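Please open the model in the viewer and keep the selection panel at hand.

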Amino acid sequence: MSSVSAYYNGKTVLITGATGFMGKVLVEKLLRSSPEVKAVYILVRPKAGQSMQERVANMLKCKVFDRVREDCPNFHEKIKPINAELTQPKLAISAEDEEELLTRVNIVFHCAATVRFDEPLKHALQLNAMGTQRLLELAQQMQKLEAFIHISTAYANCVRKCIDEIIYPPPAEPKKLFDLVEWLDESIIQDITPKLLGDWPNTYTYTKALSEYLIQQEKGNLNIAIIRPSIVGASWHEPFPGWIDSFNGTSGIFVAAGKGILRTVIANNEAVADMIPVDVVINLTLAAGWYTAVHRPKNMLVYNCTTGGINPFFWGEMEQYVMSTFKRNPLEQAFRTPNAHLTSNYLINQYWITVSHKAPAILYDLYMRLTGRKPRMMKIINRLHKSMMLLQYFSTQSWDWSSDNMNMLMGQLNTEDKKLYNFDVRQLHWSEYIESYCLGAKKYLLNEDMSGIPAAKQHLRKLRNIRYAFNTTLLVIIWRIFIARASSTLRH
Ligand SMILES: CCCCCCCCCCCCCCCC(=O)SCCNC(=O)CCNC(=O)[C@H](O)C(C)(C)COP(=O)(O)OP(=O)(O)OC[C@H]1O[C@@H](n2cnc3c(N)ncnc32)[C@H](O)[C@@H]1OP(=O)(O)O
Ligand SMILES: NC(=O)C1=CN([C@@H]2O[C@H](COP(=O)(O)OP(=O)(O)OC[C@H]3O[C@@H](n4cnc5c(N)ncnc54)[C@H](OP(=O)(O)O)[C@@H]3O)[C@@H](O)[C@H]2O)C=CC1
């Protein structure tokens, strides 16, 4: 039985989206588990006034690379950044760089995408669907290509309740849509987007469904596999338990709940919270790359990378574990004591939004104004409500994903690889994982030190005393009004 880590040694790999949350974990794991990998080309665009080189230098300083930095101090020499923009013709790669890629690359991992739910359709199409098509065109010309791995999402087909490891008919004919957005005015596209999306909840899942179909249509002789992760969370074990650097998915919600800002969430306690740790997704992706290249399956394999069917976990349990962790390990400078509740009742949610979100935010902003500072809480609350509105589609329903290919792949790994590329989610202990996720959000997302926990607890005690004082004052005022009314009624 050949080995996954040995396979990548000596290979040249191309990764898109390497600067993103999952891309970084992929680059790190690849370089650490296969230190003899020949080169890792990464497609990077200049962004926010930073050149490609500056961005890569900053990326490599990131904590996520601490382990590989220790194991192989020269790991950065293997990383070859290529200037690219996936929304541009020919990916905006220079002729010289293109030549290098065409003659050298053995395996492609395509992670780049816009994951925003509110992305305008035109941009989501240009990046997620057309970008994938352009990358496929490039891959078709690669002389030594052995496998092409595309990262999709388990929610690409969220209009279905049971999702098998197959490509479903697309929501629309991709090429017709490409033509349409090419000549239609941006504002008209915005206007007709809800009609085009149909049952799809957002432009992200819609364009991910289109790109899966495009791949199936245009794969030609390429050896391709598609990975469909569900809600990707902090790492389980690698490179560090709880590592996370993105506010997407559940992470931003955890932080908002931990800070005491978020108090009510529309979710179904009994619905499955299909979360998957990022290192599990990356281990499966690397294993699938090896399997696709070495075993060359006759049909393109789709791997649903989910937990619900194997080791189900529910939103109600998540609420308990998140709250219990943040009560024991509070975040610094919390707005209020963490106390978030899930409800599937729209009216109850609206009530708590008014009482527990808006009222305290208005009072706090008033206090800020009175003390000559800039009010900001209402702005945060409004952004939070926008996020919650976009996320509730996923927190109120359950889906059944089959995971036969994930199981099949596990059976193909030798004993050593089963440990090195562990994606057996049956071993995942949810309460421990969520605790480590919340602590990871505290450490890696918010850069808070664990030594600050006693001060954070002290701050929560102060908040509790303010609440007691506020409630007592309110009671006294109500009591005084009541007494005043009662005595005036008696006088008359
Ligand atoms: C108690 C437990 C309950 C559990 C309760 C259930 C929850 C139920 C979750 C379902 C989860 C489904 C997930 C589907 C699984 C996929 O397959 S989807 C893949 C993941 N994609 C996503 O999650 C994208 C969702 N996000 C979005 O679409 C956009 O962020 C939103 C929601 C439209 C918000 O957009 P926006 O208001 O423009 O804000 P955005 O640009 O995102 O952020 C602005 C800045 O604030 C930062 N920020 C964002 N959030 C925060 C925060 N909370 N704190 C501090 N800073 C923050 C950002 O990092 C960003 O910083 P810069 O990059 O500018 O430096
Ligand atoms: N996170 C999640 O919960 C899930 C993610 N996925 C999928 O996993 C993949 C990775 O997601 P994740 O890491 O979370 O996303 P991130 O948003 O963290 O990363 C996206 C990556 O794509 C790159 N990118 C975006 N636009 C362009 C462009 N125009 N040209 C070149 N590169 C571009 C970004 O580069 P830059 O740094 O320049 O912006 C970044 O490296 C995506 O395909 C996503 O659909 C699937 C299921 C769930």
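For the residue classes used throughout, Ala, Val, Leu, Ile, Met, Phe, Trp, Tyr, Cys and Pro count as nonpolar, Asp, Glu, Lys and Arg as charged, and the others, Gly among them, as polar. The model is predicted: local features need pLDDT of at least 70, side-chain atom pairs count only at pLDDT 80 or more, and totals for chains, interfaces and linings use all residues. Residues are numbered from 1 along each chain as its sequence is written, chains are lettered from A and ligands numbered from 1 in the order in which they are written, and side-chain values use heavy atoms, with hydrogens and water left out.

**The cavity.** Select Y155, I231, V272, A273, D274, W315, F394, Q397, S398, W399 and W401, which line the largest cavity. By class, this lining comprises eight nonpolar, two polar and one charged residues. A cavity is a set of points, on a 1 Å grid over the protein atoms alone, where a 1.4 Å probe fits but cannot get out; lining residues have an atom within 4 Å of a point. Grid points are joined across faces, edges and corners, and a volume is the space filled by probe spheres set on the points. The largest cavity holds about 30 Å³ of space, and the search of the whole structure finds one cavity of 30 Å³ or more.

**Ligand 1.** Next, select ligand 1 and the 24 residues that surround it (a heavy atom within 4 Å). The closest are R116, F117, F247, G249 and R383. Among the polar contacts (pairs of N or O atoms within 3.5 Å), an oxygen atom of ligand 1 lies 2.8 Å from a side-chain N or O atom of R383. The protein buries 73% of the 1400 Å² that ligand 1 exposes when taken alone (Shrake-Rupley method, 1.4 Å probe). Now colour α14 (377-395), a helix (a DSSP run of H or I, at least four residues): α14 gives the most to this shell, with six residues.

**Ligand 2.** Finally, move to ligand 2, which 25 residues surround, the closest being T19, R45, R55, E85 and Y204. Select E85: an N or O atom in its side chain is 2.6 Å from a nitrogen atom of ligand 2. At M22, a backbone N or O atom lies 2.9 Å from an oxygen atom of ligand 2. The protein covers 90% of the 900 Å² of accessible area that ligand 2 has on its own. Highlight α2 (21-33) and α9 (203-218), each of which supplies at least two residues of the shell.

Technical notes:
A polar contact is a pair of N or O atoms within 3.5 Å; within protein, one must be able to donate a hydrogen and the other to accept it, and residues adjacent in sequence count only if both atoms are side-chain atoms. On a 1 Å grid over the protein atoms alone, a cavity is a set of points where a 1.4 Å probe fits but cannot get out, and a pocket is an open set with protein on both sides within 12 Å along at least five of seven lines; lining residues have an atom within 4 Å of a point.
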